[in-house]
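Please read the sequence and the structure side by side before turning to the explanation below.

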Amino acid sequence: MGKIGYARVSSLGQSLEVQIAKLKKAGCVKIFQEKKSGTNVQRPEFKACMEYLREGDTLVITRLDRLARSVFHLSEIGKRFQVEGINLITLDQNVNTTTSEGRLMFNMLATIGEFENDLRSERQREGIENAKAKGIKFGRPPKVSKELKKIIFEERPNSTINQLAKKYDLGVATIYRIMAEMKG
């Protein structure tokens, strides 16, 4: 029956230091930590943490979004914790599921968190659509220009596909695509 901490940041460039300091201050005897996106299903430290927890333990996190991928996932975790007698405390959001108010807050914050993610996704989609409407291209620029495609097509009768691929440092499949495109 101890306090177990879980800290997560989304990318390798971010630091876990602040979360770990808060978890230590909260009295966590063991802290699981990882640098993986919350949407990533493959989170080995999260899995290890969930397997480590026992009845009477309290999982301590800094924020709900550090724990789950979605409201549904958070709800699954909450149900499991309730069945197995595991408590949850979020330090920054002051949630403690040992109380009815804490359970209510847990569910409200989970719903708000998913709503925020949905809004962020919508804004991102709108931004991409606006950029495309303005003619902004996404992805890497084409490796083969129209002029080079024409040259390769004109050289084809006197060269093999492999010769053209070597000469222009392109893949064989790229040469075949160029041929098909130029014939069409």
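The paragraphs that follow treat charged pairs, a charged surface patch, the cysteines and one methionine in turn.

The model under discussion is a predicted one. Side chains of opposite charge can pair when their charged atoms come close. In this structure there are six salt bridges. One of them connects Lys 149 with Glu 181, whose closest N and O atoms lie 3.1 Å apart. This pair links distant parts of the chain, since Lys 149 belongs to helix H5 (residues 146–155) and Glu 181 to helix H7 (residues 172–183), with 32 residues separating them. Lys 149 counts as buried because its relative accessibility is 17%, whereas Glu 181, at 45%, counts as partly exposed.

Salt bridges with shared partners also bring Arg 63, Asp 65 and Arg 66 together in one network. Within it, Arg 63 pairs with Asp 65, the closest N and O atoms being 3.5 Å apart. Asp 65 also pairs with Arg 66, and here the corresponding distance is 3.2 Å. With a relative accessible area of 33%, Arg 63 is partly exposed, and Asp 65 is likewise partly exposed, at 37%. Arg 66, by contrast, is buried, with a relative accessible area of 15%.

Asp 118, Glu 122, Glu 126 and Glu 129 form a negative surface patch. Asp 118 is part of helix H4, which covers residues 100–133. The relative accessibility of Asp 118 is 41%, and therefore this residue counts as partly exposed.

The cysteines may be considered next. How many disulfides does a search of the whole structure find? The search finds zero. For Cys 28, the closest cysteine sulfur is that of Cys 49, and the separation of 9.4 Å is too far for a bond. A disulfide requires the two sulfur atoms to be within 2.5 Å. Cys 28 counts as buried at 13% relative accessibility, and Cys 49 counts as buried at 0%.

Finally, attention turns to Met 50, a residue of helix H2 (residues 44–52). Is Met 50 buried or exposed? Its relative accessibility is 11%, so Met 50 counts as buried. Between Met 50 and Phe 32 there are 18 residues of separation in sequence, and their C-alpha atoms are 9.9 Å apart in space.

How values were computed. Residues are numbered from 1 along each chain as its sequence is written. This is a predicted model: local features need pLDDT of at least 70, side-chain atom pairs count only at pLDDT 80 or more; totals for chains, interfaces and linings use all residues. Side-chain values use heavy atoms; hydrogens and water are left out. Patches are made of residues with over 30% relative accessible area and no salt bridge: like charges are joined within 9 Å, nonpolar side chains (Val, Leu, Ile, Met, Phe, Trp, Tyr) within 5 Å. Accessible areas come from the Shrake-Rupley method with a 1.4 Å probe; for residues, only the protein chains shown count as cover. A salt bridge is a side-chain nitrogen of Lys or Arg within 4 Å of a carboxyl oxygen of Asp or Glu. Lys and Arg count as positive and Asp and Glu as negative; His and the chain ends are not counted. The place of a charge is taken as NZ of Lys, CZ of Arg, CG of Asp or CD of Glu. Helices (H or I, at least four residues) and strands (E, at least two) are DSSP runs, numbered from the N terminus. Buried means under 20% relative accessible area, exposed over 50%, partly exposed in between (1.4 Å probe, protein chains only).
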